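Me: I'd like to learn how to read a structure feature by feature. Can you walk me through one, with the cut-offs as we go?

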Amino acid sequence: LVVIFFGRKRVFGFMARRFDRRAYSDDGAFLAALFITREFSPGEPYWLKAEDFRGCLIAHGQTVCEDLMASDWIPGIIQSVEVGSNEFSVIVKNIPITFALAHGSNHNYKTLEDLLSRHAIRCVDWQYLSFKHMVCYDGGENCYQYSRPLAPGESIDFFVSHSWRDDKETKWKCLQCCAENFLKRRKRYPTFWIDKYCLKQEDVTGINGLSVYVTACDHILMLCGPTFYTRLWCVFEMFVSSAFQSESEWLRRIKLYPLDIGNESGCGLASVLALTMFSLNETTCYDPNDERLIKTIIDAVGRYEFESKVRKMAMTFAKALESQMRETEIAECMPEAGI
């Protein structure tokens, strides 16, 4: 009744503002539920991968227009949703296509602990990470086989947030140094959550549990490169990482590694400084369905509030890094810049 009376967006906005004031676990469950209870309605836009649409055209005996296939995604409109089912149909170029996705979940998660206990969260051990797998997200070997379920009571050491478009060699060097530094402190190598390893590639709904995966990790490893601030998932992960905690807590939890340091690109903080001028209008997702969902959630939080939070976090990191650079020979060992 509260949602009906005040409106879904206003209630979500009120709940979102609580994230900055109190660090209650039910805030995390609420934010995660926005993804997990994802619903579809007739008349909404939905995009289909061009390669999948090609198969549909062939199945319907229609000619494949190669000009149309030049785009990665083909826009369509949701025609109908089966009540009580996980199926919905989309009209793409006058061709009806039926999907079976998890949506409209009836789960009622009251706390993050409750939510975590019902998700099969996985991690990947350092020994199974490899440079060849970190080159790009799509293609190549299926990396899911290298991950494993968490043991009872186990948490993941690092949630890795990065842009697949940033320099792969620099990112790999950061991961190596992070693992070696962790070994020196903890006498063991760390575990990681990386989407390519911990989600089944064919499971398009797996990423809906983003808040769950972030919460299951002790630290967030942000590999901030030149394209980081333009990738909506990266910036949203940054926001989610701080959504349930005070500033001192997320500063302790987030380990930021600027990929510029050690390069011949000015002061070495260009990517972090770009985040201090962050604009949501400059961000995109590879999957337009994800982009629409995330921006809908951000609208519930408030675009101004979201952008302000990201800029404030970036300014805090930039000041800390500048101070650290003045006190140490930071350029000699780039990954030591992590804060």
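Reply: Start with a loop residue: Lys-187 sits in the loop between helix 6 (168-186) and strand 8 (191-193). Helices (H or I, at least four residues) and strands (E, at least two) are DSSP runs, numbered from the N terminus. This is a predicted model, where local features need pLDDT of at least 70 and side-chain atom pairs count only at pLDDT 80 or more, while totals for chains, interfaces and linings use all residues. Residues are numbered from 1 along each chain as its sequence is written, and side-chain values use heavy atoms, with hydrogens and water left out.

Me: What is the phi of Lys-187, and is Lys-187 buried or exposed?

Reply: Its phi is positive, about 65°, although Lys-187 is not a glycine. Lys-187 has 69%, and is exposed.

Me: Next, charges. How many salt bridges does a search of the whole structure find?

Reply: The general idea is that side chains of opposite charge can pair when their charged atoms come close. The test here is a side-chain nitrogen of Lys or Arg within 4 Å of a carboxyl oxygen of Asp or Glu. The search of the whole structure finds nine.

Me: Which residue forms a salt bridge with Glu-291, and how are the two placed in helix 12?

Reply: First the general rule. An α-helix has 3.6 residues a turn, so residues three or four places apart point the same way. Now the case. Glu-291 meets Lys-295 in a salt bridge, at 3.2 Å from N to O. They are four residues apart in helix 12 (residues 288-301), so about one helical turn separates them. Glu-291 is buried at 19% relative accessible area. Lys-295 is also buried, at 14%.

Me: What about Arg-311 and Glu-307?

Reply: Their side chains meet in a salt bridge too, 3.6 Å from N to O. Both residues lie in helix 13 (residues 303-327), four residues apart, or about one turn. Arg-311 is partly exposed at 27%. Glu-307 is buried at 13%.

Me: Now the rings. How many aromatic pairs does a search of the whole structure find?

Reply: In general, a pair of aromatic rings is described by the distance of the centres and the angle of the planes. Rings of Phe, Tyr and Trp (its six-membered ring) pair if their centres lie within 6.5 Å; planes under 30 degrees apart count as stacked, over 60 as edge-to-face and the rest as tilted. The whole structure has 14 aromatic pairs. One of them is Tyr-128 with Tyr-146, stacked, 6.2 Å centre to centre and 25° between the planes. Both tyrosines lie in the loop between strand 5 (122-125) and strand 6 (148-149), so the pair ties together parts that are 18 residues apart in sequence. Tyr-128 is partly exposed at 38%, and Tyr-146 is partly exposed at 22%.

Me: How are the rings of Trp-193 and Tyr-213 arranged?

Reply: Their centres are 4.7 Å apart and their planes are at 20°, so the pair is stacked. It links distant parts of the chain: Trp-193 is in strand 8 and Tyr-213 in helix 8 (residues 210-215), 20 residues apart. Both are buried.

Me: Last, the core. Which residues have the most contacts inside the largest nonpolar core?

Reply: A nonpolar core is a set of buried Ala, Val, Leu, Ile, Met, Phe, Trp, Tyr and Cys residues joined through side-chain atoms within 4.5 Å. The largest has 66 residues, and Leu-175, Phe-192, Leu-221 and Phe-306 have the most contacts inside it. Helix 9 (residues 232-242) gives the largest share of this core, eight residues. Eleven of the eleven residues in helix 9 are buried. A second, separate core has 13 residues, including Cys-56, Ile-74, Val-90 and Ile-97.

How values were computed:
Buried means under 20% relative accessible area, exposed over 50%, partly exposed in between (1.4 Å probe, protein chains only).
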